[in-house]
Amino acid sequence: MNTYTQIESQILSFIDNEKNGNFEELIIQAHLFQKENCQLLRNYCESICKEPRSWQDIPPLPTEAFKNSEEQIISFSKIQISSTFLTSGTTGEVRGSHHFHNLKLYEKSIHSTWANLQLPKLPIICLTQSPPASPDSSLIHMLSTLGGKFLINSSGHLDHSNLKLIIKKNNRPLVLAGTALAFLHLFESGKDIPTLPENSWVMETGGYKGSGREISKEDFYMMINNNLNVPIENIINEYSMTELSSQFYSIGMHDIHKGCHWVRTRVLKPGSDEEVPDEGIGLLSIYDLANLGSSISIMTNDLAKKKGNTFELLGRDKKSTPRGCSRAADEMLSKIKYGHK
Amino acid sequence: MDTNKRATALSKAIGTQAETLLELVAKELGHRDSLDRFISYGDIYTRAHPISPILHIVSGNTPAAAIQTLTRGLLIGAFNQIKLPSEGIQEVEDFVEKLPSELKSLIEITRSRQTSTEWLRSARAVIVFGSDETVNEIESKLFPSQIFIPHNHKVSIAVIDSDENKEAAKLTALDIAKYDQQGCLSPHDIYVHPKEQPRSFAAKLADALSELNTKYPPTGRTIEENIKIDDLRRSYSFRSSNDTSVQIWKSDSNTDWTVVYEEDPQFAASPLGRFVFVKPLPNSLNDALNINKEHLSTIALYPFSIKRAETLSLCGATRICPLGSSQDPSIFWHHDGLQTLAPLVHWTDAG
């Protein structure tokens, strides 16, 4: 069996050029390598499918697996862990840990995805903390890899004056990036929000997980348009997870999410490992060759509509909490709080 | 209509004896005629008047609870406004259809959020079924003079001390399958005495749920509910593949039913939808339920005895019932430990 470095090298080459390899062969090889080197993953995968014959047979690993504090989901020695990103979690919730042998594949995937999908080659200004202030955030590392400048200080406050200064000083198009919640906070801050230079873009990500907020994509994009003067067709949604190493992007209101040739997706019927038919709705599972150090197949909690070989994201973390007798009251409350139609 | 006539009309709609409803009035209000005339009360006389209107904010997943709260409001003669979920509750609408016009005129139904928000301001009593957060939020919108009866998030469990008749698994399956385990009365966790081999009991329960599922498959689950079940199933499948203290049984190719055996006795919350945990009954159930005691509703007990109920009552449960009847509370039950008619009346004294 090839070593980590040998397989990594093959995948890096494949990311560079699709003609340098075969997705199916590479992912089966990576999966066998991961099973060989990670007992947790081996035990789970073999309880479902001992010998996958195609990439679709590889069981997607639940994110719960990344929450084990004693044994890690790693395909290399524990002492070789060089970086770790943590999942976000509400109070009292165990956070998942995604460990890396190195960040070559991760960073290669970030750069190559941005380039392959022809996303704007513009300066990126981030409504997030910087990597030193938040070293365990995969999102912030991603933005840093793309050359982002960071506007939220270590105590969590947005530097409005710096935002204005950067925009005034550069006076050329840029990408303003941040979580959907960060944009909402900016819009609701009551402070003067600078209009972005013409031909600028916005990149938003993350949904409203854990915030209790529910705003439709249409309403949110209109808020961006109204507050920042960025046309809706210049708004990018980034979709990924801490447990992954690659990203998907959609542009504007009705676009499907696109990834690159080293990632594939399946939309599964809840309660089974069968894929839904085209246009069917189910749970998104992601196969990411850049995840060589952990698990190349990940089960998300996200609801998606199957669109050929890709997907339309319908909602992030759509798990309903066990509410008992609460449906009517919760509906009523949402009216009282947010005035939804 | 006097109380006797209302009880008679209601008894036909809910299939309960009018005499039973009148007995409930007598137990809650001291006398079956309390709402109709002055009755002797110590050295004075007193009579009750319904607090009216009552706003009932009810849930679609537990139609029985919705009908029960409406029945109580009608029995005391109050005007009842009901907020149904947007998809409606057919059982409630069928119930109303069975009532005579005099009682129908005491009911107003809406599915509209706008209307129910307006009703919230004018109601003299508000009965709400909802999550803790929701109940708190609605309470914050009320005036101090409004009576507020919350039925917030509650969970239930079952305790099986012994199973000599080998019927506990089937009775447990009934408690789980009815109303698709929605609501607060269906057990999340089944605590089985170690001498009854809890892991083997879990396998029997899986068989019983599977059998029940062929006759009564779940209907009307949302995709969000299925996702929650799927997510927890995969988490426990991962755990069971790496930890012999956990085992999972589940329906094939769908989310219909799930049984998880877990040696850790600490209470685990089910996502509902016929998803249940089986755990060994610990020496101290109190400790296992520690974080959920304030939310504990029902303990379904097998075999049932008042003597055993006395010891379990110390766990904080508001109801201990025979296994198999979790979802069918008596008309006399103290819903969430509270009186059901007494808070809905006020009194005029004479003498």
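Residues are numbered from 1 along each chain as its sequence is written, while chains are lettered from A and ligands numbered from 1 in the order in which they are written. Since the model is predicted, local features need pLDDT of at least 70 and side-chain atom pairs count only at pLDDT 80 or more, whereas totals for chains, interfaces and linings use all residues.

Chain A holds nine helices and 13 strands, and chain B holds twelve helices and 15 strands. Both kinds of element are DSSP runs numbered from the N terminus, with at least four residues (H or I) for a helix and at least two (E) for a strand. Two residues are in contact if their C-beta atoms, placed from the backbone, lie within 7 Å. Of the contacts with a separation of 6 or more, residues 24 or more positions apart account for 61% in chain A and 65% in chain B.

The overall form of chain B can also be put into numbers. Its C-alpha trace spans about 70 × 45 × 35 Å along the principal axes.

Chain B is divided into domain 1 (3-153) and domain 2 (155-322), with bounds from an automatic or database domain assignment. The C-alpha centres of these two domains of chain B lie 32 Å apart. Where they meet, four residues of domain 1 are in contact with four residues of domain 2. On the domain 1 side, the touching residues divide into one nonpolar, three polar and no charged. Here Ala, Val, Leu, Ile, Met, Phe, Trp, Tyr, Cys and Pro count as nonpolar, Asp, Glu, Lys and Arg as charged, and the others, Gly among them, as polar.

Next come the sheets, in which two strands pair if DSSP finds at least two bridges between them. Five strands of chain B build an open sheet with parallel pairing, in the order S5-S4-S3-S6-S7. Strands S5 (107-110) and S7 (147-151) of chain B are the edges, each pairing on one side only. Neighbouring strands in this sheet are turned by 15° against each other on average, direction ignored; the axes behind such angles are lines fitted to C-alpha atoms (for helices over the stretch in contact), and angles run from 0 to 180 degrees between N-to-C directions.

Within this sheet, S3 (residues 54-57) of chain B is covered on both faces, with B:Ile54 and B:His56 buried on one side and B:Leu55 and B:Ile57 buried on the other. Strand S6 (residues 125-129) of chain B is joined to S7(B) by five bridges, with B:Val126 opposite B:Phe148.

A second open sheet of chain B has three strands in the order S1-S2-S15, with antiparallel pairing. Strands S1 (39-41) and S15 (345-350) of chain B have a single partner strand each, so one side of each is left without a neighbour in the sheet. Here the twist averages 45° from one strand to the next. S2 (residues 44-50) of chain B and S15(B) pair over six bridges, and B:Ala48 stands opposite B:Trp347.

Most residues other than glycine have a negative phi, and most peptide bonds are trans. A cis peptide bond joins B:Ser52 and B:Pro53, with omega about 0°, and B:Pro53 is found in the loop between S2 and S3 of chain B. B:Asp180, in the loop between H8 and S9 of chain B, has a positive phi of about 55° and is buried, with 21 other C-beta atoms within 10 Å.

How values were computed
Buried ≥ 20, exposed ≤ 12 C-beta atoms within 10 Å, placed from the backbone.
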